[in-house]
Amino acid sequence: PAPEPVTLPGKGIDEAEAKLLLAEAGIAAAPEQVVQSVDAAILAAEGFGYPVVMKILSPDILHKSDIGAVKLGLGDAQAVRAAHAEILEAARRHASEAAVTGVLVAKQLSGGVECLMGINRDPTFGPMAVFGLGGIFVELLGDVALRACPFDAATAREMILSIRGAAILQGARGTAPVDIEALAEMLSKLSLFAAAAGDRLASIDLNPVLAMPAGQGAYALDAVIELAAEEARADGH
């Protein structure tokens, strides 16, 4: 398939900006809002309906949960107020030099199976897509599939079903099968985005992607886009 043109920003990309870029390519995320105050966070949470997730927003903090700047399962305004303070304090304590662009409030989705998908730019082969199950499956088993970008949804489906844990997605032991067609569409669109982005794109990490039961879609719950350093691109790496 022919990729649509992609223009990457000239500087670091935070999670909200990454998801907006990917949304233009047809990659869905959970409903979310960037806020600059605790009152705005509470309004956003009440608009989405509890429970919600809150995270620090910064192009300089890639691993937010490692520093305590992600809060899950927030069930009321009091929890949102406490989480907002804790997230900002965690960023100040562990990443004082980071540019903080706000706090992200998102609807917490439940059900489905956590997967991961991403892109890494290989110096020889260009952008390579990866797909696997999330959590311990990839950490312990290294159960992933790789393909060169771009590719269509039919190829993405073959890629998804090629992993050893594919039965989990297809409804193993009486569980509901997930929306494999939506996963395949997302993975194909990610490959098109990567192919069109050019050599300024270093990597994309969507982890987790929540694959909902069949017919209910797939959603990127976290997104990291890293740009290549100028000197690396000049050297061809």
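**Close-up 1. Contacts of Lys 55 in the predicted model.** Lys 55, a residue of strand β2 (residues 52-57), touches Glu 15, Lys 19, Lys 64, Ala 69, Val 70, Ile 87, Val 103, Leu 104, Leu 221 and Asp 222, residues up to four places away in sequence being left out, where contact means heavy atoms within 4.5 Å. Strands (E, at least two residues) and helices (H or I, at least four) are DSSP runs numbered from the N terminus. Lys 55 counts as buried because its relative accessibility is 9%, the limit for buried being under 20% relative accessible area with a 1.4 Å probe and protein chains only. A polar atom of the Lys 55 side chain lies 2.8 Å from the backbone oxygen of Leu 221. This is a predicted model, in which local features need pLDDT of at least 70 and side-chain atom pairs count only at pLDDT 80 or more, while totals for chains, interfaces and linings use all residues. Residues are numbered from 1 along each chain as its sequence is written, and side-chain values use heavy atoms, with hydrogens and water left out.

**Close-up 2. The largest pocket.** The largest pocket has a volume of about 610 Å³. Among the 30 residues lining the largest pocket, Lys 55, Asn 207, Pro 208, Leu 221 and Asp 222 are the closest to its centre; a pocket is an open set of points on a 1 Å grid over the protein atoms alone, where a 1.4 Å probe fits, with protein on both sides within 12 Å along at least five of seven lines, and lining residues have an atom within 4 Å of a point. Strand β8 gives the most to this lining, with five residues.

Key. Buried means under 20% relative accessible area, exposed over 50%, partly exposed in between (1.4 Å probe, protein chains only). A polar contact is a pair of N or O atoms within 3.5 Å; within protein, one must be able to donate a hydrogen and the other to accept it, and residues adjacent in sequence count only if both atoms are side-chain atoms. Grid points are joined across faces, edges and corners, and a volume is the space filled by probe spheres set on the points.
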